[in-house]
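Here are my notes on the model, as numbered points. Please read them with the structure open.

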Amino acid sequence: MLSEVLLVSAPGKVILHGEHAVVHGKMALAVALNLKTFLRLQPHSSGKVDLNLPNIGVKQAWDVASLQLLDMSFLEKGDLSTLTPEQMEKLKELAGTSNDCADPKYLAVLAFLYLYLSICRKQRAMPSLDIVVWSELPPGAGLGSSAAYNVCLAAALLTVCEEIANPLKDGEPVSRWTAEDLELINKWAFQGEKVIHGNPSGVDNAVSTWGGALRYQQGKISPLKSPPALKILLTNTKVPRSTKTLMARVQNRMLKFPEIMASLLTSIDAISVECERVLGEMAAAAPAPEHYLVLEELIDMNQHHLNALGVGHASLDQLCQVAMAHGLHSKLTGAGGGGCGITLLRPDLEGSEVEATKQALTSYGFDCWETCIGAPGVSIHSAASLDVAVRQALDGL
């Protein structure tokens, strides 16, 4: 059992192209977002395991000796590909309620308990730990915040229990685990995602684990080779939406206009394929201005297609218009119907132009971040390498 403090980060994600089409067997491109979730794990000897999630107001503690006495045979039932109803009921009892509850606070606690008990129960004595998780990602915005949370938990718990080696050497600011260890982190993070979402695709946790960009189609996930890091504005319209309702809207149009919708989905697929080709070119040689022009055209075409599918919203139209007035190109990302949009920032843009666009977008009540996509996946840090603001958030200041 390791005794040192572990500092772990994992990125969020955005869908670059292929949202909604992916549900109908087409390809999607998902990319790691350089807005991250951070975790601090501190072993101690208090006999308790403490979980603190300041973003959502969770502060809970369990007595390790009581957990150690639990009959944990329920965790061995089924396999790592399924979570049985019995396992979920037992976790709910531990969390203090057996009600069927979709509250994010409650689901985050359930996922933690599942991962802590499953990973740490093999230890002779289950560890006393103080765990704080703080995120730059807004929850419920389709940016993979729950996956980043589960990836951080899986990486930290596997490392503290020495199931995987701590890759950070003395004097290094940041390090990443081996490919084999990342596979194990991803497998456990996917289990945490199942606790929260029931039947997730596995894309969000894969992007958060591996970073970069991934291609997803019909359940098959494959990484893009050395994708370029692209600067973007990420804008949250703060308009709430239901993914389920939006998916149903697309399905209804499929039934009403089958030939038109089939053509739209085929075109969206072609946009994703072309984007993958351009990103491959940019990885193989120095990115050129022509590459960015093609990426901008693909963004515009996809946004029009998504509107035609029925998943647009007045707030997203406003976002696109404001960006276009500043010579920039935007599309929704994720479910649509509000939520978030991305705006591509060419490398030749002046800082003042980006700032003016951000100010214009925030004047409509939107939240706006200047960030990049294609970020590294789950990483382990030295304290000195983290921004002061992140360290203060993890310290509760």
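This is a predicted model: local features need pLDDT of at least 70, side-chain atom pairs count only at pLDDT 80 or more; totals for chains, interfaces and linings use all residues.

1. Lys238. Lys238 counts as partly exposed because its relative accessibility is 46%, and the class runs between 20% and 50%. The residue sits in the loop between strand 9 and helix 7. Its phi is positive, at about 65°, although Lys238 is not a glycine.

2. Ser226. A positive phi also turns up at Ser226, again a residue other than glycine, with a value near 45°. Is Ser226 buried or exposed? Ser226 counts as exposed, because its relative accessibility is 54% and the cut-off is over 50%. Its place is the loop that runs between strand 8 (220-223) and strand 9.

3. Overall fold. The chain has 12 helices and 13 strands. Its radius of gyration is 21 Å, which agrees with the value near 21 Å for a compact globule of 397 residues. Along the principal axes, the C-alpha atoms fill a box of roughly 60 × 50 × 40 Å.

4. Packing and surface. Buried residues make up 53% of the 397 in the chain. Take the contacts between residues at least 6 apart in sequence: 75% of them join residues at least 24 apart. The accessible surface is about 17,200 Å². Carbon and sulfur atoms account for 53% of that surface.

5. Largest pocket. Its volume is about 1,700 Å³. Which residues are closest to the centre of the largest pocket? They are Lys13, Gly142, Ser146, His197 and Asp204, out of 50 lining residues. By class, the lining has 25 nonpolar, 19 polar and 6 charged residues.

6. Where the pocket lining comes from. Several elements each supply at least two residues to the lining of the largest pocket. The strands are strand 1 (6-17), strand 2 (28-43) and strand 5 (129-135). The helices are helix 3 (104-120), helix 4 (145-160), helix 5 (179-197), helix 6 (203-210) and helix 7 (243-256). Note helix 7 here: the loop that holds Lys238 lies between strand 9 and this helix.

7. Largest cavity. Cavities of 30 Å³ or more number 2. The largest cavity holds about 70 Å³ of space. Its lining includes Leu16, His17, Leu230, Cys275, Thr343 and Ile373. Strand 1, strand 9 (230-236), helix 9 (289-309) and strand 11 (340-344) each give two or more residues to it. Which element gives the most to the lining of the largest cavity? Strand 11 does, with 3 residues. The lining divides into 9 nonpolar residues, 2 polar and no charged.

8. Second largest cavity. About 30 Å³ of space lies here. The residues around it are Leu16, Val31, Ala213, Pro227, Pro228, Leu230, Leu279, Ile373 and Gly374. By class, 8 are nonpolar, 1 is polar and none is charged.

9. The lining of the largest pocket, in contrast, has 6 charged residues.

Definitions and conventions:
Residues are numbered from 1 along each chain as its sequence is written. Side-chain values use heavy atoms; hydrogens and water are left out. On a 1 Å grid over the protein atoms alone, a cavity is a set of points where a 1.4 Å probe fits but cannot get out, and a pocket is an open set with protein on both sides within 12 Å along at least five of seven lines; lining residues have an atom within 4 Å of a point. Grid points are joined across faces, edges and corners, and a volume is the space filled by probe spheres set on the points. Helices (H or I, at least four residues) and strands (E, at least two) are DSSP runs, numbered from the N terminus. Ala, Val, Leu, Ile, Met, Phe, Trp, Tyr, Cys and Pro count as nonpolar, Asp, Glu, Lys and Arg as charged, and the others, Gly among them, as polar. The radius of gyration is taken over C-alpha atoms; the globule rule is 2.2 Å times the number of residues to the power 0.38. Buried means under 20% relative accessible area, exposed over 50%, partly exposed in between (1.4 Å probe, protein chains only). Contact means heavy atoms within 4.5 Å. Accessible areas come from the Shrake-Rupley method with a 1.4 Å probe; for residues, only the protein chains shown count as cover.
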